Amino acid sequence: MKSELFTPYQLGPITLRNRTIRSAAFENMCPGNKPSQMLKDYHVSVAKGGVGMTTIAYCAVNRHGVSFDGQLYIHDEIKPALKEVVDAIHAEGAKASIQLGHCGNMTHFYTCGYKLPVGASTGFNLYSPTLHRRLSKAEIKQTVKDFGNAVDFCRDCGFDCVEIHAGHSYLISQFLAKRTNHRHDEYGGSFENRVRFLNEVLDEVMLHAKDDMAVVVKTNMWDDCFRGVSIEEGIKVAKEIAKHGVHGIILSGGTVSASPMTILGGAMPHKTLAYYMPMKSFWWLKAALNFPGIAPLMMPKSPYHELYFLEKAKLFRKALPDTNLIYVGGVQSRANCETVLSEGFQLMQMAHVLIQDPAFVNHMKEAEEKDEELGKNYRSQCKRSNYCVGRMYSLDMRCHECVENLPAKLQKEINKAEEENKRLNNWQ
């Protein structure tokens, strides 16, 4: 085939069979913080569906880095089950990656197991809601070690790659932004100080990765919020990351606490989010989301356009010409894939399309084998209603097409979002 899309790519010490990666979109398929059969089945379906590498999302490097009960964290009890998942992914010909991070203040004391959640600085998290305290220097050093030990743990499980989450206003990102870092020691103030924790984490990660584990880092191009990381500072952060010799940098943007739809594109399905949200834990947020006019203020939409991060990503491509930059954001057609490759990005991540159709990559390839023109025009049927997003924070990640007997109000919300996206993107 003429396109690079279906050709192998050398990512550090590992070879991917093609240029596609299932991005680390949270599955919420780990009840009790343990891998489930559902988690295994989903990632195996994606691997069988042709993706080059699939990424298990949002695994905390320690207990107090956990945001959700359905999220993994590194502990010995889960090792046998994770090995089974990785072996099954490998059996389908794909590589296996896992995202490592720490939520920082984006949690609650009854979820993270601490009397108070921790972050770069002391403050109040409105979305939990809960107070949080700043990490001491000794705790910072221990968290850095936890990242390194997590790499060893993942190697023992058979993973080929680790993805370090340094964006979206989780812990590493909280140190980077003035909005969340009010420290007056060597970890706060100047850019050099605010990037120190990230640099220490990556030093430790690369030490443990040695020469047999691929390492990629997800970072924000910009935070899209007041006193957040700007594009100019985001480029400086990316250059700091590149100095460590990581094998790829994933370019994202937005923050979960201030601009979540910048990350995802489109509108948050407020009715879906509220419908699945447990009353006991989030009664106040559930009530606010159901109150007319409040939800759009809390989570304003970001009109969805295919390849919505591309123009900003091109600025990073220009600033870091010799670094492997991995594109993510609105890839949902064969034409999108070719555009990403033509702009100098060798790999691309995708999630929504692989929720709606885990075999999307194989279907693109099969369409081209059948007819070149058909292959060129192949498009996912995902219309980006974000139902999967609204559902996954409380229940599990699932496309609305796989759910029977949806309440009428949720179907109406889905239809409205899909119609708007169809209009904005000129979909037929």
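1. The protein chain folds into 19 helices and 13 strands, where helices (H or I, at least four residues) and strands (E, at least two) are DSSP runs numbered from the N terminus. This is a predicted model, in which local features need pLDDT of at least 70 and side-chain atom pairs count only at pLDDT 80 or more, while totals for chains, interfaces and linings use all residues. Residues are numbered from 1 along each chain as its sequence is written, and side-chain values use heavy atoms, with hydrogens and water left out.

2. The C-alpha trace spans about 60 × 55 × 45 Å along its principal axes.

3. Of the 428 residues in the protein chain, 61% are buried, that is, under 20% relative accessible area with a 1.4 Å probe and protein chains only. Among contacts (heavy atoms within 4.5 Å) with a separation of 6 or more, 72% join residues 24 or more positions apart.

4. N386 counts as buried because its relative accessibility is 1%. Leaving aside residues up to four places away in sequence, N386 touches M261, G265, G266, A267, P269 and H352.

Technical notes:
Buried < 20%, exposed > 50% of the residue type's maximum accessible area, 1.4 Å probe, protein only.
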